Amino acid sequence: MLNNVKIVLIGTSHSGNIGSAARAMKVMGLSRLVLVAPECEIDGKAVAMAAGASDIMNRAQVVNTLEEAIADCTLVVGSSARPRHLEWPQLETREFGQKMVAEGQHSKVAIVFGRERTGLTNDELQTCHFHVNIPANAEYSSLNLAMAVQTLSYEVRMAWLESQTQAISEAEQDYPLAEDLERFYIHLERALTSSNFIIKAHPGAVMNKLRRLFNRARPEQQELNILRGMLTAFEREMAQSKAVETTENTDKK
């Protein structure tokens, strides 16, 4: 999924910022860098600032327009450091990361960053589906380009890690088949009926509520086996108690 995320830098004027942005990307597992009409070359300073992430820069795609950079993307989010008069859908940083990961599972997505001094133009922002603003300290909100790339790349990575953990957790859970669950409900009703907990003629109300309870809890296969084992033990004890009671009544006669 991370390979589907593009970091798009428009009109970058300082080569060191390209290197720093590449380093920020690599730290977070991103690798697709696109430079739109850069005003500098990738030089020794860029390599120095990349600090081992020169491979990201060497593979960078260089294009003339933003339209070229995002042509194959289904989701484009522009990073804007200041509010604009133009109303546009705005994402919180956490929501931004989640949306990028959700969309990036099956298609390419892009995060667009503007020039160091002036940021993105209104026309460039209108090309984006959403805007995202980093909620920095209002009294001192000065973030350089690489910091902004680092922060938003971090949000993408955190959302991705969360999705991976959730996927692993769901994969590890072994849920029972519907027919297994239905057999449990039949077993449960039989045990509760034999204990006179529910009236045989009117089991519906209680059983419906119990079904709702267990459906909401969604027991895993192993947990369902434990519940079935408990019911079996309960029925066995009930049967033994009735047998003893019957024997004692017979002896009295």
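This is a predicted model: local features need pLDDT of at least 70, side-chain atom pairs count only at pLDDT 80 or more; totals for chains, interfaces and linings use all residues.
Buried here means under 20% relative accessible area, exposed means over 50%, and partly exposed is anything in between (1.4 Å probe, protein chains only). Residues are numbered from 1 along each chain as its sequence is written, and side-chain values use heavy atoms, with hydrogens and water left out.

**The sheet**

- Helices (H or I, at least four residues) and strands (E, at least two) are DSSP runs, numbered from the N terminus.
- Seven strands make up an open sheet with parallel pairing, in the order β3-β2-β1-β6-β4-β7-β5. The edges belong to β3 (61-63) and β5 (90-91), each with a single partner strand, so one side of each has no neighbour in the sheet.
- Two strands pair if DSSP finds at least two bridges between them.
- Strand β4 (residues 73-79) is mostly covered, with six of its seven residues buried.
- On one pairing, β4 runs parallel to strand β6 (residues 108-113) over five bridges, and Val76 has Ala110 in β6 as its bridge partner.
- β4 is also joined to strand β7 (residues 130-132) by three bridges, again parallel; here Gly78 is partnered by His131 in β7.
- Strand β1 (residues 5-10) pairs with strand β2 (residues 32-36) in the parallel sense, over five bridges. Val8 has Val34 in β2 as its bridge partner.
- As background, side chains in a regular strand alternate between the two faces of the sheet.

- Helix α1 (residues 15-27) has 13 residues, which at 1.5 Å a residue should span 18 Å; its end C-alpha atoms are 19 Å apart, so the two agree. The expected span is 1.5 Å times one less than the number of residues.
- Of the 13 residues of α1, 10 are buried, so the helix is largely enclosed by the rest of the structure. Among them are Gly16, Ile18, Gly19, Ala22 and Met25.
- α1 lies across β1 and β2, and runs at about 155 degrees to β2. Axes are lines fitted to C-alpha atoms (for helices, over the stretch in contact), and angles run from 0 to 180 degrees between N-to-C directions.
- Contact means heavy atoms within 4.5 Å.
- Ser20 sits in helix α1 and has a relative accessible area of 14%, so it counts as buried. Setting aside neighbours within four places in sequence, Ser20 is in contact with Met49, Ala50 and Ala146.
- Just past the end of α1, Gly29 takes a positive phi of about 85 degrees.

- Thr12 is in the loop between β1 and α1, and at 1% relative accessibility it counts as buried.
- Not counting residues up to four places away in sequence, Thr12 touches Asn17, Ile18, Pro38, Glu39, Cys40, Glu116 and Leu145.

**Cysteines**

- A disulfide is a pair of cysteine sulfur atoms within 2.5 Å, and the structure holds zero of them.
- Cys128 is in no disulfide: its nearest cysteine sulfur, that of Cys73, is 11 Å away.
- Cys128 is buried at 2% relative accessibility. Cys40, at 17%, also counts as buried.

**Aromatic rings**

- Rings of Phe, Tyr and Trp (its six-membered ring) pair if their centres lie within 6.5 Å; planes under 30 degrees apart count as stacked, over 60 as edge-to-face, and the rest as tilted.
- Searching the whole structure turns up two aromatic pairs.
- Phe184 and Tyr185 have ring centres 5.5 Å apart and planes at 50 degrees, so this pair is tilted.
- Phe184 and Phe214 have ring centres 5.0 Å apart and planes at 85 degrees, so this pair is edge-to-face. The pair links distant parts of the chain, with Phe184 in helix α8 (residues 178-194) and Phe214 in helix α9 (residues 204-217), 30 residues apart.
- Phe214 is buried, as is Phe184, and ring pairs link Phe184, Tyr185 and Phe214 into a cluster.

**Leu125**

- Leu125 belongs to helix α6 (residues 122-126) and is buried, with a relative accessible area of 2%.
- Leu125 and Ser142 are 17 residues apart in sequence and 20 Å apart in space, C-alpha to C-alpha.
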